[in-house]
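Good morning. I have one structure to show today, so please look at the screen and then I will go through a few parts of it.

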Amino acid sequence: MKKDITKIIMNPIRQRILQFLMINTTGTAGEMKAELHDIPPASLYRHIKVLAEAGLLEVVEEKKIRGTMEKTYALVKQPMGDVNEQDVGNIIQTGLLSLMSSFQKYFMKEGNDPVKDMLSFSTSTLMLSDEEYVQVLMKIGEVLNGVIANQPEEGRKPRRFTIISSPCEEENK
């Protein structure tokens, strides 16, 4: 079941639905459709259903509106129950494979321009105490929170921003 959950949450559309609910706490399909307007409605409804059937979303309210039931969704607090190290490792590795696949698709598409598209990759080894590290993460969070709810408009395009943190192999020697 947990492996299936990993596959389910690695879908880019489902990640956007989950992100919407992380930001807004709750939402109806209509509210999601208004914000995620580039996703076709039938596809959005299908992905919401997949997330709900997987136990990742719950219905927190139902209202009858013009003869139809409107459901308000929220994230389930602990959808996978207790998670062990292997589960976390599988989720991270699946995420990395998904990221690699995105890059592969990008580079296989003819006419892409990494400079024009501002494609970037960097890695740094930082010497930080746990407290300093938490402060860095909070600052990054502040920056991302300032733009995460941006709505589509002229000149804006979706950009994937991934932060990966890991211990350095040198530390284990």
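How do the residues of the lining of the second largest pocket divide into nonpolar, polar and charged? There are six nonpolar, three polar and four charged. Here Ala, Val, Leu, Ile, Met, Phe, Trp, Tyr, Cys and Pro count as nonpolar, Asp, Glu, Lys and Arg as charged, and the others, Gly among them, as polar.

Before going on, the background. This is a predicted model, in which local features need pLDDT of at least 70 and side-chain atom pairs count only at pLDDT 80 or more, while totals for chains, interfaces and linings use all residues. Residues are numbered from 1 along each chain as its sequence is written, and side-chain values use heavy atoms, with hydrogens and water left out.

Next, the chain. The protein chain has six helices and three strands, in the order α-α-β-α-α-β-β-α-α along the sequence. Helices (H or I, at least four residues) and strands (E, at least two) are DSSP runs, numbered from the N terminus. The C-alpha trace spans about 65 × 45 × 30 Å along its principal axes.

Back to the pocket. A pocket is an open set of points on a 1 Å grid over the protein atoms alone, where a 1.4 Å probe fits, with protein on both sides within 12 Å along at least five of seven lines; lining residues have an atom within 4 Å of a point. The second largest pocket has a volume of about 270 Å³, volume being the space filled by probe spheres set on the points, which are joined across faces, edges and corners. Of its 13 lining residues, Ala29, Tyr45, Met69, Glu70 and Lys71 lie nearest the centre. β3 (68–75), α3 (29–35) and α4 (41–53) each supply at least two lining residues, and β3 gives the most, with five.

Helix α4 also holds histidine 47. Is histidine 47 buried or exposed? Histidine 47 is buried, because its relative accessible area is 5%; buried means under 20%, exposed over 50% and partly exposed in between, with a 1.4 Å probe and protein chains only. Beyond its neighbours within four places in sequence, histidine 47 is in contact (heavy atoms within 4.5 Å) with Asn11, Ile13, Arg14 and Ile17.

Isoleucine 17, again leaving aside neighbours within four places in sequence, is in contact with Met32, Leu36, Leu44, His47, Ile48, Leu51 and Leu57. That is where I stop.
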